[in-house]
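The sequence and the coordinates are shown first.

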Amino acid sequence: MYKSIAALTIALALSALVGFTSLSPDPAQQVLSLEHQAMDGWLDGNPDPFLAMADPQITYFHVMTNARLDGLAAVRALCETYRGKPLFDRYEI
């Protein structure tokens with residue numbers, strides 16, 4: 001009886017793993033998709049896609065600042081200065 005319970009548990013775990021991996025997109029594609037969303041936002045001068053994926057405890061360095069930015073509020077304040085101003089004409093990844 002214990003062998004059949006163990007076998008059933010293993011079978012269920014494996015089927016869940018197979019189901020999960022077949023439904024989950026490739027992690028590299030997920031990262032690229034997020035990067036495209038952020039860059040497309042910046043094409044329009046919209047920092048929201050970038051800010052939406054930023055961790056609240058972000059530490060950020062920017063070429064236009066002389067100091068490290070700590071936390072999402074500081075990064076959001078910087079990004080707001082670029083709102084409505086496309087940062088580039090095109091990009092390639």
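A residue is called buried when its relative accessible area is under 20%, exposed when the value is over 50%, and partly exposed in between. By this scale D40, with a relative accessible area of 37%, is partly exposed. D40 has its place in helix α2. In sequence D40 and R90 are 50 residues apart, yet in space their C-alpha atoms are 8.9 Å apart.

The average pLDDT of the protein is 82, and 74% of the residues score at least 70. Over residues 1-9 the pLDDT stays under 50, and the model has 0 contacts beyond four places in sequence for them. Where pLDDT is low, the predicted coordinates should not be read in detail.

Of the 93 residues in the protein, 18% are buried. Among contacts with a separation of 6 or more, 51% are accounted for by residues 24 or more positions apart. The accessible surface comes to about 7,100 Å², and carbon and sulfur atoms hold 63% of that area.

Helix α4 gives a view of the buried part of the protein. This helix spans residues 72-80, and L72, V75, L78 and C79 are buried in it. These residues lie on the same side of α4, because they cover an arc of only 125° around the axis. What does this set of buried residues of α4 pack against? Their partners are α2 (27-43), α3, β1 and β2 (69-70).

The aromatic side chains form a further part of the picture. A pair of aromatic rings is described by the distance of the centres and the angle of the planes. A search of the whole structure finds 3 aromatic pairs. One of them joins W42 and F50, whose rings are tilted, with 6.2 Å from centre to centre and 45° between the planes. W42 is buried, since its relative accessible area of 9% is under 20%. F50 is also buried, with a relative accessible area of 16%. F50 forms a second tilted pair with Y60, with the centres 5.8 Å apart and the planes at 55°. This pair links distant parts of the chain: F50 belongs to helix α3 (residues 48-53) and Y60 to strand β1 (residues 59-60), 10 residues apart. Is Y60 buried or partly exposed? Y60 has a relative accessibility of 21% and therefore counts as partly exposed. Through these ring pairs W42, F50 and Y60 are linked into a cluster.

Charged side chains supply another set of links. Side chains of opposite charge can pair when their charged atoms come close. The structure holds 4 salt bridges. In one of them the side chains of D70 and R68 meet, at 2.9 Å from N to O. D70 has a relative accessibility of 45% and so counts as partly exposed.

Another salt bridge joins R83 and E80, with an N to O distance of 2.8 Å. R83 is partly exposed, with a relative accessible area of 34%, and E80, at 34% relative accessibility, counts as partly exposed as well. Which residues are linked with E80 and R83 in a network of salt bridges? The network includes D48 along with E80 and R83.

The side chains of R90 and E92 meet at 2.7 Å, N to O. Both R90 and E92 are exposed, whereas D40 is partly exposed.

Technical notes
Residues numbered from 1 in each chain as written. Predicted model: local features only at pLDDT ≥ 70, side-chain atom pairs only at ≥ 80, totals over all residues. Heavy atoms only, no water. Phe/Tyr/Trp six-rings, centres within 6.5 Å; stacked < 30°, edge-to-face > 60°. Buried < 20%, exposed > 50% of the residue type's maximum accessible area, 1.4 Å probe, protein only. Helix = DSSP H or I, 4+ residues; strand = E, 2+ residues; numbered from the N terminus. Arc of directions from axis to C-beta. Contact = heavy atoms within 4.5 Å. Areas by Shrake-Rupley, 256 points an atom, 1.4 Å probe, with all protein chains shown as cover. pLDDT = per-residue confidence, 0-100.
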